[in-house]
Amino acid sequence: MIKKPISADSHITEPPHCYVDYIDPKFRNRAPRMERLDKIGDAFVIEGLASPIPMGLVAAAGKDPSRITTHGVAFEAYNRWLREYCGEAPDRLYGLAQVSMRTPEDGVAEILRAKEMGFKGVMMPGNPAVEDYDSTVYDKVWAAAVECDMPLSFHTLTGKSDGLAGQTRGPRINGFLSIIRGCQDVMGTFIFGGVFDRFPGLKVVCVEADAGWVPHYMYRMDHAYKRHRYWMKAPPLERMPSEYFRDNIYVTFQDDWVAFGMKDMCNVRQLMWANDFPHSDSTWPLSQTMLGEHTKDLREQEGNWICHENVAELYGIAV
């Protein structure tokens, strides 16, 4: 029998007071705030962001898809609120702090602060403000993450190359198929940039980007490195690219049938099931039923790894 599942990626819909009440008082008049807007309903209005964040779209788990429609200091406020929220159920809720990465120095300080606050890891922006993640200016950040044993999570829709973040071809729904691209770009940047050579103990999590593509991506990286690294000027690596993906990168996914079927072509110890509650892509309230179908062809140990043990070991959860 498979152990009680642990979701490796679930979300929180912040209450209206989250940022206003928990932000440094001098920024209170600029804090993200909840407003009720015509044709949208409740939405967070954020200074500098062209479009508000509609809560009806974000918190849509279990809703009929046909009825879902939409017409740096804030991170610190969120982290303060999240610590308090998770403290209400310390044996059930485990939070990941958000990191702004305004500078490498800020990144180090934010990771250290997150560790002190009791978080299990941190959420990273898809695109940093200073150079890119393969630059050695970030080595101090990776060193801090390894020292603190804090996995770094990169979520879909947080990078510039995500399909919904920019212009896409064809109908808008075509952009949904490419939202995993941002995470793939980050993973490739870490691998080909030699980050895992310099920090072999670094743990990176590719979040909510499915996992069925991983075996082909690993092959494609190896193919590129063997055939094209000389004329494309790739830096030399100590191992093949796929080996870094297999040993340093974890992936979360919801109802990705392909991921369950291709488990033997990647590292099954780094595949982690998630329910994505309360987003519109969530498997809730049918998670248990769907997992029964997904795992029926797995060995019991494989099911336990994917649904329970991998995430518990990664984040040091005693269950």
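Start by selecting Val214, Met218, Phe245, Arg246, Ile249, Tyr250, Val251, Cys266, Asn267, Gln270 and Leu271, which line the largest cavity. You are looking at a predicted model, where local features need pLDDT of at least 70, side-chain atom pairs count only at pLDDT 80 or more, and totals for chains, interfaces and linings use all residues. Residues are numbered from 1 along each chain as its sequence is written, and side-chain values use heavy atoms, with hydrogens and water left out.

The cavity's volume comes to about 60 Å³. Here a cavity is a set of points on a 1 Å grid over the protein atoms alone where a 1.4 Å probe fits but cannot get out; a pocket is an open set with protein on both sides within 12 Å along at least five of seven lines, and lining residues have an atom within 4 Å of a point. For volumes, grid points are joined across faces, edges and corners, and the space filled by probe spheres set on the points is taken.

Which elements each supply at least two residues of this lining? They are H8, H9 and strand S8 (249–253), and S8 gives the largest share, three residues. Helices (H or I, at least four residues) and strands (E, at least two) are DSSP runs, numbered from the N terminus. By type, the lining splits into eight nonpolar, two polar and one charged. Nonpolar covers Ala, Val, Leu, Ile, Met, Phe, Trp, Tyr, Cys and Pro, charged covers Asp, Glu, Lys and Arg, and the others, Gly among them, are polar.

**Next stop: S8 and its sheet**

Colour S8 by itself. Five of its five residues are buried, buried meaning under 20% relative accessible area, with exposed over 50% and partly exposed in between (1.4 Å probe, protein chains only). Ile249, Val251 and Phe253 point one way from the strand, while Tyr250 and Thr252 point the other way.

Now bring in the neighbours. S8 belongs to an open sheet of six strands, in the order S4-S5-S6-S7-S8-S9, with parallel pairing; two strands pair if DSSP finds at least two bridges between them. Strand S4 (96–98) and strand S9 (271–273) are at the edges with a single partner strand each, so one side of each has no neighbour in the sheet. From one strand to the next, the twist averages 30°; angles run from 0 to 180 degrees between N-to-C directions, and axes are lines fitted to C-alpha atoms, for helices over the stretch in contact.

Zoom in on the two partners of S8:

- Strand S7 (residues 204–207) is joined to S8 by three bridges, and Val204 has Ile249 as its bridge partner.
- S9 is also joined to S8 by three bridges, running parallel, and Phe253 has Trp273 as its bridge partner there.

**H8 against H9**

Show H8 (214–228) and helix H9 (residues 241–248). How do these two pack? Their axes are 7 Å apart, at an angle of about 145°. On the H8 side, pick Val214, Tyr217, Met218, Met221, Asp222 and Tyr225; on the H9 side, pick Pro241, Ser242, Phe245 and Arg246. Contact here means heavy atoms within 4.5 Å. The contact residues divide into seven nonpolar, one polar and two charged.

**The second largest pocket**

Keep H8 on screen. The second largest pocket has a volume of about 300 Å³. Of its 15 lining residues, Phe192, Ala224, Arg229, Met232 and Ala234 lie nearest its centre. Helix H6 (181–192) and H8 each give two or more residues to that lining, and H8 gives the most, with five. The lining counts six nonpolar, five polar and four charged residues.

**A look at H5**

Select helix H5 (residues 139–148), where Asp139, Val141, Trp142, Ala144, Ala145 and Cys148 are buried. These pack against helix H4 (104–116), strand S5 (121–124), strand S6 (152–155), H6 and helix H7 (195–198). Just past the end of H5, check the backbone at Asp149: its phi is positive, about 55°.

Phe260 sits in helix H10 (residues 257–261). Is Phe260 buried or exposed? Phe260 is buried, at a relative accessible area of 4%. Leaving out residues up to four places away in sequence, Phe260 touches Phe253, Gln254, Leu291, His294, Thr295, Leu298 and Ile306.

Finish on the open sheet of three antiparallel strands, ordered S1-S2-S3. Strand S1 (33–37) and strand S3 (53–54) are its edges. Five bridges join S1 to strand S2 (residues 41–45), with Met34 opposite Phe44.
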